[in-house]
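Hi there,

Here is the structure we talked about handing over. Have a look at it first, and then read on for what turned up in it.

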Amino acid sequence: MTGIPVPAEVQALAGTRSGPLYWWASYRSMLRWELAGLRLFLPVIVAVEVLSGIGFVLGFGLFFPKRVPVTAILYLTTGVQVINLYLLGMVFGPQVVAQQKAAQTYDYLQSLPVPRAISALAWYTVTLLAGIGGMSASLLVSILRFHISFTVSPSIIPATLLVSFTSTLIGYSLAHAVPRPMVTQVLIQALNFFAIGFSPICFPPERLPAWLATLNRGLPFEHMAEIMRGALAPQLVTNVWSSYAIVVAWACLWIAVAAWAVGRRG
Amino acid sequence: MALQIKDLKKVYGKGVAANDGITMHIDAGEVYGLLGPNGAGKSTLVKQVIGLLKPTSGTITLGPYDLVKHPAHARQLCSYLPQAQMPIDSLRAREAIELTGMIRGGDGPAVRQRADHLIEALDLGEWRDVVGMRLSGGVRRLVGFAMIAVWPGQVVILDEPTNDVDPLRRRLLWDQVRRLADEGAAVALVTHNVLEAEKAVDRLAVADAGHLLAEGTPSSLKAHYRGRLRLQLMMRPGLSVAEPPEFIASSVRAGHNLVMVIEERDAARAIGWAQDLVDAGTAEEYALGATTLEDVYIKLAGHAPADSLTEGS
């Protein structure tokens, strides 16, 4: 019972920490915390992601007759990557936060001495890692099922990072901004309904009524699909940079919402 | 560094003042008890200290740090053990303690060493590598405490730390709480358990309806009761005392217990009266003893704390 070493903080009555070393140490430890905390749950999430990635490709493929135009297949198979990453980002964070609120551990986790942005970054890393498996599986199944080849460019990396980042931020922000998880779920369901049903992610925007196509041009969903197509099937995209700009702008907006949501004190 | 709270007021949206002009301080090296019934404003006060709520007015400082202005500093300088269990379902006990120590800024070897000592000191060795979801409530609570104590802030806030913990390990836990204070932390103990708090704290405050009703050392708060005794009757279910005798200074009913305060000179009469009630079958048993902090609490807060009457009386 004796001889417990006294931490320097208490012994020296030290002040606060700051700077890049603190951020890096915080990121590492929070990432470890998140991964260890999801140890039982994360494999299930990855498995579901892989299965849904495969399922989307095979299931959506049933919409088409036997002889499908290559363009349609490319729209479908590139769009599915976005749907997978988008749904994971939108749903995973709010689910975990809802669980924390139900178990009354939310306040404790918010009281941890980690910069809010670093905490969000650690969460984004977890979501990204969970999403990559599903994305890889659905790409592979797309190739096997439809006998197509993608023109994979290095921009697959920023495209994946940005799509996952923006989606994760939207889910993360809503989870923290809305006090009642039930309301968060309703909002997210509504967004998902619009994004998957009425945004040109798996098909060209010309299929939509003109007003809906115009509306979508200002929203991030179509542009997420465009930047993914820019990385996998660039022949389908005319101006990928403007899509990057629009998605980055939306990401910045959601960064602001997230910063407000986690930084505000009631 | 001392935690200083001055004229703290927190009014929620509907105009309810959860804290209404609270002024208090906790010195480094001190264990300070914050007692009060549900709705007293304890949680609101704690959340303001740790930077999760913004006061409507008033100040909270820790040495040179303004914790209201800089909530990020508050989170770095304060460690908080919530009343709910820690989120460690998937984490092994030792892993949870170490990881929290690192999140709090400890470096690996020192955190590991300290985690090992805490596991030993709290007698948690057999659960060292057991995941949280397989731990009993009491063991999980102790692991939660170790997660706080492994690399504590300058202020350590413990909300009902002994909930579900067995009596033997409670003693070990209180030893470690004292050790935290000895190491220089200002320890705030938030509890309903008055009898435990009486033994553990250096000073305490009783809060109700957003105010601090009284503050001082346990003995100074009990000074009013010198020369008085507590008589506790355990009534048969459904029965009550129709008319207490005139020598009963005050009484309060909590469940089947009737807790009364009497003057020492009336002890013999009180015993006779209580024995008559037992003989008549109105009461099952009685106990006469020194007044405790609980009697002070009952007087101040107007009712008995939910979980303490059955202990130590």
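Let me start with one helix of chain B. Just after α4(B), B:D123 takes a positive phi of about 60 degrees.

Two notes on the model before going further. This is a predicted model, in which local features need pLDDT of at least 70 and side-chain atom pairs count only at pLDDT 80 or more, while totals for chains, interfaces and linings use all residues. Residues are numbered from 1 along each chain as its sequence is written, with chains lettered from A and ligands numbered from 1 in the order in which they are written.

Now for chain B as a whole. It has 10 helices and 14 strands, which are DSSP runs numbered from the N terminus (helices are H or I, at least four residues; strands are E, at least two). The radius of gyration of chain B is 22 Å, close to the 20 Å that the globule rule gives for 313 residues, so chain B is as compact as a globular protein of that length. The radius is taken over C-alpha atoms, and the rule is 2.2 Å times the number of residues to the power 0.38. Of the 313 residues in chain B, 49% are buried. Among contacts in chain B with a separation of 6 or more, 70% join residues 24 or more positions apart.

The domain assignment, which is automatic or from a database, gives chain B a domain 1 (3-216) and a domain 2 (223-301). The contact takes 11 residues from domain 1 of chain B and 6 residues from domain 2 of chain B. On the domain 1 side, α7 (194-200), β9 (203-208) and β10 (211-216) of chain B each supply at least two residues, and α7(B) has the largest share, 4 residues.

What about the largest nonpolar core? It has 152 residues, and those with the most contacts inside it include B:V49, B:V143 and B:I157. Such a core is a set of buried Ala, Val, Leu, Ile, Met, Phe, Trp, Tyr and Cys residues joined through C-beta atoms within 7 Å. Both domains of chain B give residues to this core, so it lies between them.

Finally, the two chains meet: the contact takes 35 residues from chain A and 40 residues from chain B. On the chain A side, α2(A) gives the most, with 6 residues.

Happy browsing!

Key:
Buried ≥ 20, exposed ≤ 12 C-beta atoms within 10 Å, placed from the backbone. Contact = placed C-beta atoms within 7 Å.
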